Amino acid sequence: MKRLLNLRSISAAASFLVVIFIWIMFAPIQVGGQVFYIIVNGSSMETVFHKGDLVLLREARNYSVGDIVAYSHPVIGPVFHRIIGEDASGFIMRGDNNSWNDSYKPKSDEIIGKFWVKL
C-alpha cells in the first residue's frame, strides 16, 4: 500500500512538472510568456499555411531574408508574410502565394515574432 502511494505521488509530481514545462514553453505574450498566437486569415501564404491555421510565433533577436514573420501593420493589424529583402526603409515582405510585395515595409521593432509552430 505504501509503495502504491509513493508511485501516485511521483506520478502526480511528474504530471505537475510537465504542465509547468508546457506552460513555460507555450504561454502567450499577453500573460508574460514568449509566444504570440495568430490565426491565418487569407490565402497569401498558401500552399504551406491555409486560412484557419493556428500559428505560434516567438520573438527573435534578428530577422533575416527567408524568415516567416508576423508584423504589426498600422491599419490592418497583424500580417503574416515572408521577408524577401531589406532596404533602408525596412523589410521587404511578400506572401508566398502573392506575385507582389507588401506596400508597407516594417522595421525590426514592428515585427511581432518569427514562425515557430503550426497547428
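Colleague: How many aromatic pairs does the count come to?

Modeller: The model is predicted, and the count for it comes to 4 aromatic pairs. One of them joins phenylalanine 49 and phenylalanine 80.

Colleague: Why is the pair of phenylalanine 49 and phenylalanine 80 called edge-to-face?

Modeller: The ring centres are 5.0 Å apart and the planes stand at 90 degrees.

Colleague: Why do phenylalanine 49 and phenylalanine 80 count as buried?

Modeller: The cut-off for buried is under 20% relative accessible area. Phenylalanine 49 has 2%, so it counts as buried. Phenylalanine 80 has 8%, so it is buried too.

Colleague: Why is the pair of phenylalanine 49 and phenylalanine 115 called edge-to-face?

Modeller: Its centres are 5.1 Å apart and its planes are at 80 degrees, so the pair is edge-to-face. Phenylalanine 115 belongs to strand 6 (residues 111-118) and phenylalanine 49 to the loop between strand 1 and strand 2, so parts 66 residues apart in sequence are tied together.

Colleague: Which charged residues lie over the face of phenylalanine 49 and of tryptophan 116?

Modeller: Lysine 118 lies over the face of phenylalanine 49, at 5.7 Å from the ring centre. Arginine 58 lies over the face of tryptophan 116, at 4.5 Å from the ring centre.

Colleague: How do you know that arginine 58 has no salt bridge?

Modeller: Its nearest side chain of opposite charge, glutamate 59, is 9.2 Å away. A salt bridge needs a nitrogen within 4 Å of a carboxyl oxygen, so arginine 58, though buried, has none.

Colleague: What joins the side chains of arginine 58 and glutamine 34?

Modeller: A polar contact of 2.4 Å joins them. Arginine 58 is in strand 2, and beyond its sequence neighbours within four places its contacts include Met25, Tyr63, Lys114 and Trp116.

Colleague: Why is aspartate 67 called buried?

Modeller: Its relative accessibility is 10%, and buried means under 20%, so the label applies. Aspartate 67 is in the loop between strand 2 and strand 3 (68-73). Its side chain reaches the backbone nitrogen of serine 64 at 2.8 Å. Outside four places in sequence, aspartate 67 is in contact with Asn62, His81, Arg82, Ile83 and Lys114.

Colleague: Is glycine 33 buried or exposed?

Modeller: Glycine 33 has a relative accessible area of 19%; the limit for buried is under 20%, so it is buried. Glycine 33 is in the loop between helix 1 (2-26) and strand 1. Apart from neighbours within four places in sequence, glycine 33 is in contact with Ala27 and Pro28.

Colleague: What kind of peptide bond joins glutamate 46 and threonine 47?

Modeller: That bond is cis, with omega about 25 degrees. Most peptide bonds are trans. Threonine 47 is in the loop between strand 1 and strand 2.

Definitions and conventions:
Residues are numbered from 1 along each chain as its sequence is written. This is a predicted model: local features need pLDDT of at least 70, side-chain atom pairs count only at pLDDT 80 or more; totals for chains, interfaces and linings use all residues. Side-chain values use heavy atoms; hydrogens and water are left out. Rings of Phe, Tyr and Trp (its six-membered ring) pair if their centres lie within 6.5 Å; planes under 30 degrees apart count as stacked, over 60 as edge-to-face and the rest as tilted. Buried means under 20% relative accessible area, exposed over 50%, partly exposed in between (1.4 Å probe, protein chains only). Helices (H or I, at least four residues) and strands (E, at least two) are DSSP runs, numbered from the N terminus. A charge sits over a ring if NZ of Lys or CZ of Arg is within 6 Å of the ring centre and within 35 degrees of the ring normal. Contact means heavy atoms within 4.5 Å. Lys and Arg count as positive and Asp and Glu as negative; His and the chain ends are not counted. A polar contact is a pair of N or O atoms within 3.5 Å; within protein, one must be able to donate a hydrogen and the other to accept it, and residues adjacent in sequence count only if both atoms are side-chain atoms.
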